[in-house]
Amino acid sequence: MTKQVVTANRLDDGLAVFYKADDSWHNSIDQASQVDAGPEAEALLAQASDERNQLCVVGPYLIDIDKEGAHATPVRYREMIRTLGPSVRPDLGYQAK
Amino acid sequence: MTLVKNNLVIEDKWTFVGDEEDLPKTNAIVTLKRWQEDREALLARFDNLGIVLRSDENPQVIAEDVSFFQVIALDFPVYTDGRAYSYARLLRERFGYKGELRAIGNVLRDQIFLMHRCGFDAFEINQGGNKALKIWLDAQKEVTTFYQPTGDGRNTVLSLRERRRLAKSAS
Amino acid sequence: MYKYDDYDQQLVDERVEQFREQVNRRLSGELSEEEFRPLRLMNGVYLQLHAYMLRVAIPYGTISTAQMRQFAYIARTYDKGYGHFTTRQNIQFNWPKLVDIPDILKDLSKVQMHAIQTSGNCIRNTTADQYAGASFDELEDPRPWCEIIRQWSTMHPEFTYLPRKFKMAVTGSPSDRAAVAIHDIGLRIRRDDQGDLGFEVMVGGGLGRTPMIGKTICEFLPKEDLLSYLEAILRVYNQFGRRDNKYKARIKILVHEIGAETFADLVEKEWVHIRDSALQLPQSEIDAIQAHFTPPPFEVLPSLSSVFADKVATDQAFAYWVKNNVREHKQQGYAIANISLKPVGGIPGDISHTQMDALADLADQYSFGEIRSTHEQNLVLAHVKRDDLYALWQKLDAYDLATPNSGLITDLIACPGLDYCALANSRSIPLAQRISNRFGELDRQHDIGKIQIKISGCINACTHHHVGHIGILGVDKKGQEFYQITLGGRADEHAKIGKIVGAGFSTDEVVDAVETLIDTYLNLRENKEETFLDAFNRVGEQPFKEALYDAR
């Protein structure tokens, strides 16, 4: 079963963030709740898209991940870049820390 | 829904009438289709008549008829459909329409002022009375400088500059 | 250059406060994202992969040193120390916080800049020849006309919700450096039979999914009628442009579907009604705007500079920079200096805040306090004394701004691509860097000569890859980055859409493919003077196609 997490951009600073089921958003994908694609994922997305969250983030959506232990890696290259930062500027974005 | 006109919330005396609906006694706003089909009957029956144009109905087709209407309502199905801005200017500035030009549909605070500049003078705002009036009044205040000449009578930057140049050359 | 009067300033100030209010309403929940999105876009605010992006307009590509220093300040204070010059003479900041953007716009307004209409389905920043006012072949400086268009198009009440975005470019020279033929409206200043100056008007150029060259709908438009004619075009487009399909909503599709002649008729019929309206430009206003663009106080200089000649003869590195980056100026004793933002292996168009400050100082010292941005993502000091070129070059070199590659193969044009852009399908910058490194050696670049490679990370074609001599389009093929090559395009006065040469190449193959194309050219050219494009036009695509695919 494909695992998914919910991601979005934070409203005030625009940074890529990842959703945890306790209704919190995090900079690291590793803190995101991982759910099975399908009804479980849709339910999580609905929760992350509710009225209150519309005031915290912009455009929540689901992404596929590969799981290696606690560490989640997005399947798509685009999402990988979002979790790290520009591939041409390793000094910038989350990868810099 | 609140109708705002001339800085006031006003009571809407008009009734929008669908193609198949019964006509009210007075103050009917009919569709273009109905106008084109029943023109003579409508004119015989009503002293007060209005028409609504959808965003794909160009007012060119009623260019000769505008004097028959006390209200022309132009629809914004979504606020990003900007055709009615051009329609409004044509009605006011070319076809000589003097009656109420009403914006209906997705009429929002951040577009209302552009509509006014293009010749709309009445706005159906999807809010309660006080809120709707405040939206209109706030939107009026934001910008006071205009580059483009439209039929709204506001002074353009160019006309103000010309006035200054004249004053300077006279002194 | 143009200086705002109090009206211009007031409008920009009001707009900043209007946007501050809109941001507050979004943060408080009064505006939904759906309602807010077009409002932020019309103030230049995108939401990209990592953060918001702010695109600031540089009207007709002319930047004062005060403005450049303000860019440096913004990059340092609100961003991560750098900016990115785009292919439409704008500058982009990649990391601003939404909550800071009203303050950034306030800071910009203090130097008479704004981000109004740098996105959205409205009239965008009007671009111009980067050598305006300096080029020896210029009929007239296009910038006053761009300023007149800027004012008319700014917050135009009728044309803020067009079917799609709308871009204009103006050139005052017969040699077109503004790519006017691939804009929604392209204006070319020309003379009529009586010797009067006016505009040739082209409409319906554009790239993206359906690349098209603009068609001339008016051979000669008198200057005073410029705004009424533009308003007529826009009014026809606003009413009749397609709104049912985003990909068919640009004016080029309307012009194509009804035909240029029919379109011209519609415009003409509309224009008749408004030609004599308040849109007609009084000579007093034209004069007043043009007065802002009078030539700087050039010194009377001999045509030969002995300092310059001596240094060219003795310093090979300087001589190369002169050969590649310095262009003839209309004023005797002066030259145009191109500042490359393409260091070998670097990120095309990126510039650090220290470089911005340094360049501002150099422009004050050597070029009448003025800098230009180009659609090739470079900068220009337009009015440098030949006597000063050597000193300028040394100082540029100290800031890594003296790369001698203007017009050569490493002067690549690349969009931000998937490293930043939310629309991109593939990365552009790493490919640009790899090609640049592959061909970085200067002797090899000289041997290859003039060539333009343009890389877009998606079909929106921000780098105009269709009109690159070699165009590269990044696509996503089953989750992998893939690159499609077009050949033979050009954006100048002989503008032409390039042709796709064949199947695409993987990330691993694509640099070799470019090298194959270059080697093929080197082998078949008649002599060193025959450029890549000339050779391609002589022999056609076949030899290139064979070289690329027969070995596979």
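Predicted model: local features only at pLDDT ≥ 70, side-chain atom pairs only at ≥ 80, totals over all residues.
I counted the cavities and got nine of 30 Å³ or more. By cavity I mean a set of points, on a 1 Å grid over the protein atoms alone, where a 1.4 Å probe fits but cannot get out. Volume here is the space filled by probe spheres set on the points, with grid points joined across faces, edges and corners.

Residues are numbered from 1 along each chain as its sequence is written, chains are lettered from A in the order in which they are written, and side-chain values use heavy atoms, leaving out hydrogens and water.

Largest cavity: I read off about 320 Å³ of space. I found 25 lining residues (an atom within 4 Å of a point), with Asp110(B), Leu114(B), Arg15(C), Gln18(C) and Met155(C) nearest the centre. Which element gives the largest share of this lining? I see α3(B) giving five residues; helices are DSSP runs (H or I, at least four residues), numbered from the N terminus. In chain C, domain 1 (6-109) and domain 2 (127-290) each bring at least three lining residues, with bounds from an automatic or database domain assignment.

Second largest cavity: I noted about 190 Å³ and 15 lining residues, with Tyr147(B), Leu158(B), Gln151(C), Leu227(C) and Leu281(C) nearest the centre. Two or more lining residues come from each of α5 (157-170) of chain B and α5 (143-153) and α9 (283-290) of chain C.

How values were computed. 1 Å grid on protein atoms, 1.4 Å probe; cavity = no way out; pocket = protein on both sides within 12 Å on 5 of 7 lines; lining within 4 Å.
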